[in-house]
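Me: I'm new to this one. Can you walk me through it?

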Amino acid sequence: MDVERGEYGAYDDEHDDEHKVNGGTEHEALLSIHKNIDDNDSQLPRLSFIQPRFTIWHLVVAFVVGIGASLGGQYALSKFVCATTANIANANLANPNAGSTQIHNFPPPSPTNIFPSLFPTNVGYAGGTPTGAEPALVATAPSYPMRTSTPELVKGKAKVGVSDSDSDLFKLWGNLSPWYSNKRGTFGLDSGAETPEGCTVDGLHLLHRHGARYPTAWASYGGPADFAKRLHESASTWNAQGELEFLNEWRYKLGEEVLTPFGRQQLFDLGVSMRLKYGFLLERFTEKERVPVFRTESQDRMLNSAINFAIGFFGYPHYDKYQQSITIEADGFNNTLAPYDTCHNARYRPISDRGTWYVERWAERYLNETRERIQGMLEGYEVSVEDVYTMQQMCAYETVSLGFSKFCTLFTQTEWEGFDYSLDLYFWYNSAFGSPVARVQGAGWIRELIARLEHKVLGRTPNEQGFSVNYTLDSDPRTFPVNESLYVDATHEVVVLNILTGLNLSTLAANGPLPYDHIPENQTFKVSQLAPFATNVQFQILDCPSLSSSQTQTQTETQNIRILINDAPVPLTGITDCPPSSHGLCPLRTFVEAQKAGLERVSWEWGCEGDYADVVGVGRDWESVTGDPPPQPRR
């Protein structure tokens, strides 16, 4: 057979002995290169290979290279495995964008298809435009329409114990609740919003809050924007599971402070509702050839709330049907609809922010076990009680902003009741009967109410307290008319509560001060009933000539006043000399004189400028159920 010349051998006997001398035998044993030749094959030429010379150093080098190659392969494999493992782990972490803010700016700053000349707002040819009679629902209908639902929003159900007939999640959000009609008997009177028999509506003073808004820029406790920021900054370290899994892809979509689409609709609907009830009052303006003056503030959500109300009330176009007074809401400007801008203590947190102390302690109680449950669904992020509280805030804000929120389904009925009560605590101690600056802030608007009821232009006398009244506007009957049958003022929930406190509607404070360790039974102060988004307080002027003397307690005048808070009458028996009334009536003159006397006991200088922070202290060392500061020391 032919043996092919190769790298490892040659036909050369001369080198055979040398090969053996140099370790060829051992090499052969290792490499098995030689074939045994049978002795019978003696006629064949003997084969011999020329072997390369391998020393011990060759073996050492080969051994080292082999080990290096093995280690390199293992290192490369380990890097691949680690990278694969890391990719798998990262796949389980939250999206890097989780918690980031998402904003959609509309309209675009410079749209390319705006051609005003091609799209005029009035092209004529309107057809017939005769109008009909004004509606007068409060005078003509056999019953009073109640707002009982918000079909525009999708209600997420709580985890346990929610019955659509007995409990409504929207009513458990305190001041973040959408407004709804309070049920008959909410404030202790077995009476509805219908005009009492024997009475007719003679006038209306309407005080309302702005509609649903995005969160404010600052929060003393909680705060959705801050929570979203914390989540986003740590998104590379945490992963949400179970019911909270949606958080892995969740984006923060809320703006700041301005009205939401639903908030705009709330005020439009409120305007329509009030026109249907009280449209007949406009007949008196026509008789006098006048139009109403409505008031609001310059803040964006306040102005747009007022305009949406006006469009609902008057219809579009509305500009020539009323006049909109816009008072400036800014530091140093007197404004009864924003009295905190000139009341120092209302912005001094040791005095004005007493509620946060109570909220923090209550949250630790009602959310402690909840925090543990939420923590079990969120790995890599340490959940605080405040985080869980903010998730409840997020439910409310996302619902009134976006129409629905997945955060709502995380909590039980009991936990939602705890959230609702936390806001009762906050506003009781910051804006209502438990606040040392509540009554003094409500005093300015009450002074204006008295002027309207007495039909007297406001003018400040030398010894008279100014409170937060803007006398530049209020002393001019053109900007502050006092002889009308319809008034509409827009303000904030804190001011609504200031005013209710200043009026001394004491039945609302019947079971105060509020504790932070449990929810009182038969609670009389509930912010979701008093100051939700678009809350409205109707001061009805009623002419009741047929009331018996026993009902008016020998009062001879026939005019009475009644206060409806979101369609439920409130007892006025806390007001001096107002008699018990099944309908919540008080003779108008009695009401006015009592409010005048109440203002005389209020000191703007002491309430807003006095140094009493050390007296009120922190927590339960000092309490109030009247909204007054501690007594002023005698000089």
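Reply: Start with strand S1, residues 200-209. Eight of its 10 residues are buried, so S1 is largely enclosed by the rest of the structure. Keep in mind that this is a predicted model.

Me: Which way does S1 run relative to strand S7, and how many bridges join them?

Reply: S1 and S7 (residues 536-543) run antiparallel, and eight bridges join them. Within that pairing, Leu 206 has Gln 538 of S7 as its bridge partner.

Me: And S6, parallel or antiparallel to S1?

Reply: Parallel. Six bridges join S1 to S6, which covers residues 486-491. Leu 204 stands opposite Leu 486 there.

Me: Now Arg 284. Where is it found?

Reply: Arg 284 is in helix H7, residues 282-288. Its relative accessible area is 30%, so it counts as partly exposed.

Me: What does Arg 284 touch, leaving aside its neighbours within four places in sequence?

Reply: Val 201, Asp 202 and Ser 485.

Me: How far is Arg 284 from Leu 486?

Reply: In sequence, 202 residues. In space, 9.5 Å from C-alpha to C-alpha.

Me: Switching to the surface. Which residues form a nonpolar patch?

Reply: Phe 115, Leu 118 and Phe 119. Together they have about 360 Å² of accessible area. Phe 115 sits in the loop between helix H3 (56-92) and helix H4 (137-140).

Me: Is Phe 115 buried or partly exposed?

Reply: Partly exposed, with a relative accessible area of 41%.

Me: On to the backbone. What kind of peptide bond runs from Tyr 316 to Pro 317?

Reply: A cis one, with omega near 0 degrees. Pro 317 is in the loop between helix H8 (300-314) and strand S4 (323-327). The bond from Gly 512 to Pro 513 is also cis, with omega near -5 degrees. Pro 513 belongs to the loop between helix H16 (493-502) and helix H17 (527-530).

Me: What about phi at Asn 504?

Reply: Positive, about 70 degrees, although Asn 504 is not a glycine. Asn 504 is in the loop between H16 and H17. Its relative accessibility is 24%, so it counts as partly exposed.

Me: And what is phi at Glu 289?

Reply: Glu 289 has a positive phi too, about 55 degrees, and is not a glycine either. Its loop lies between H7 and strand S3 (293-297).

Me: Why does Glu 289 count as exposed?

Reply: Because its relative accessibility is 74%, and exposed means over 50%.

Notes. Residues are numbered from 1 along each chain as its sequence is written. This is a predicted model: local features need pLDDT of at least 70, side-chain atom pairs count only at pLDDT 80 or more; totals for chains, interfaces and linings use all residues. Side-chain values use heavy atoms; hydrogens and water are left out. Buried means under 20% relative accessible area, exposed over 50%, partly exposed in between (1.4 Å probe, protein chains only). Helices (H or I, at least four residues) and strands (E, at least two) are DSSP runs, numbered from the N terminus. Two strands pair if DSSP finds at least two bridges between them. Contact means heavy atoms within 4.5 Å. Patches are made of residues with over 30% relative accessible area and no salt bridge: like charges are joined within 9 Å, nonpolar side chains (Val, Leu, Ile, Met, Phe, Trp, Tyr) within 5 Å. Accessible areas come from the Shrake-Rupley method with a 1.4 Å probe; for residues, only the protein chains shown count as cover. A salt bridge is a side-chain nitrogen of Lys or Arg within 4 Å of a carboxyl oxygen of Asp or Glu.
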